[in-house]
Amino acid sequence: MKLRRFLHCSVVFSIVAAATILYVTGTLDTPQTANTRKPQPSDELHPSGSDIEKALVTKIPTFTRVSSLSVVSILTAETNQDPGTKVVWQARIKATITVTTDTFTLENEDSKVMFVEPVKLSGETIEVFGNTVAELDAEGWRTTVELEGQPIEALGQPLSAFGPKKSSHVEAPRRNNT
């Protein structure tokens with residue numbers, strides 16, 4: 001009986017010790033941590049959404065605004081935290097851009113009249129994709145955004161961008177692109 005009790009106590013002690021080791025090393029899920037993963041350094045070291053949005057705003061015209069912004073995937077997150085080393089974070093982003101004024105393209109002009117064609121109406125949106133690179137140094141995040149393709153050129157321009165009116169601007173009927 002003593003041997004059985006000793007073996008039982010040894011087994012229980014071994015299980016508790018193993019569970020403690022696994023918990024301390026972060027490889028055992030407890031009821032409080034079930035369905036969560038151990039935080040990684042890259043989880044804490046990334047620019048805020050507003051940092052990325054500020055960089056994106058520099059790439060879009062003043063007659064637009066950012067309606068939504070999301071990180072599609074993180075490409076790299078170098079989190080080497082040695083003194084003097086920069087942290088580099090790269091991600092692919094998706095944004096919805098809203099046009100805040102009607103836009104046009106120049107269709108034709110003569111000496112007295114400009115013919116413009118509508119492109120987007122105020123409130124219409126486009127989706128853009130791009131890549132962001134952020135570097136963390138002693139002064140904070142330095143974030144840049146590069147858009148894929150040329151989505152901004154396809155927006156057209158506000159009527160005021162066509163210069164002073166000659167006799168008048170004549171708006172051509174809007175084409176149905178369907």
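**Notebook: strands, hairpins and a nonpolar core**

I began with strand 4, residues 113-120, and found that six of its eight residues are buried, so this strand is largely enclosed by the rest of the structure. I note for myself that the model is a predicted one, and that buried here stands for under 20% relative accessible area.

Next I looked up what strand 4 pairs with, and found that strand 3, residues 103-109, runs antiparallel to it and is joined to it by six bridges. As one point of reference along this pairing, I wrote down that E109 has M114 in strand 4 as its bridge partner. The two strands form a hairpin, and three residues lie between them.

I then turned to another pair, strand 5 (residues 125-137) and strand 6 (residues 140-147), which are antiparallel and joined by eight bridges. This pair also forms a hairpin, with two residues between the strands. Here I picked out V133, whose bridge partner in strand 6 is T144.

To place these strands in the whole chain, I listed its elements and counted three helices and seven strands. Their order along the sequence is α-α-α-β-β-β-β-β-β-β.

My next question was which residues have the most contacts inside the largest nonpolar core. This core has 19 residues, and the ones with the most contacts inside it are L56, I60, I97, V128, V145, L147 and L155. Helix 3 (49-57), strand 2 (87-99), strand 5 and strand 6 are the elements that each give two or more residues to the core, and the largest share, six residues, comes from strand 2. I keep beside this the general remark that nonpolar side chains tend to be buried together in soluble globular proteins.

Finally I took down some totals for the whole chain. Of its 178 residues, 25% are buried, and the accessible surface comes to about 12,200 Å², with 55% of that belonging to carbon and sulfur atoms. Among the contacts with a separation of 6 or more, 63% are between residues 24 or more positions apart.

Technical notes
Residues are numbered from 1 along each chain as its sequence is written. This is a predicted model: local features need pLDDT of at least 70, side-chain atom pairs count only at pLDDT 80 or more; totals for chains, interfaces and linings use all residues. Side-chain values use heavy atoms; hydrogens and water are left out. Two strands pair if DSSP finds at least two bridges between them. Helices (H or I, at least four residues) and strands (E, at least two) are DSSP runs, numbered from the N terminus. Buried means under 20% relative accessible area, exposed over 50%, partly exposed in between (1.4 Å probe, protein chains only). Contact means heavy atoms within 4.5 Å. Accessible areas come from the Shrake-Rupley method with a 1.4 Å probe; for residues, only the protein chains shown count as cover. A nonpolar core is a set of buried Ala, Val, Leu, Ile, Met, Phe, Trp, Tyr and Cys residues joined through side-chain atoms within 4.5 Å.
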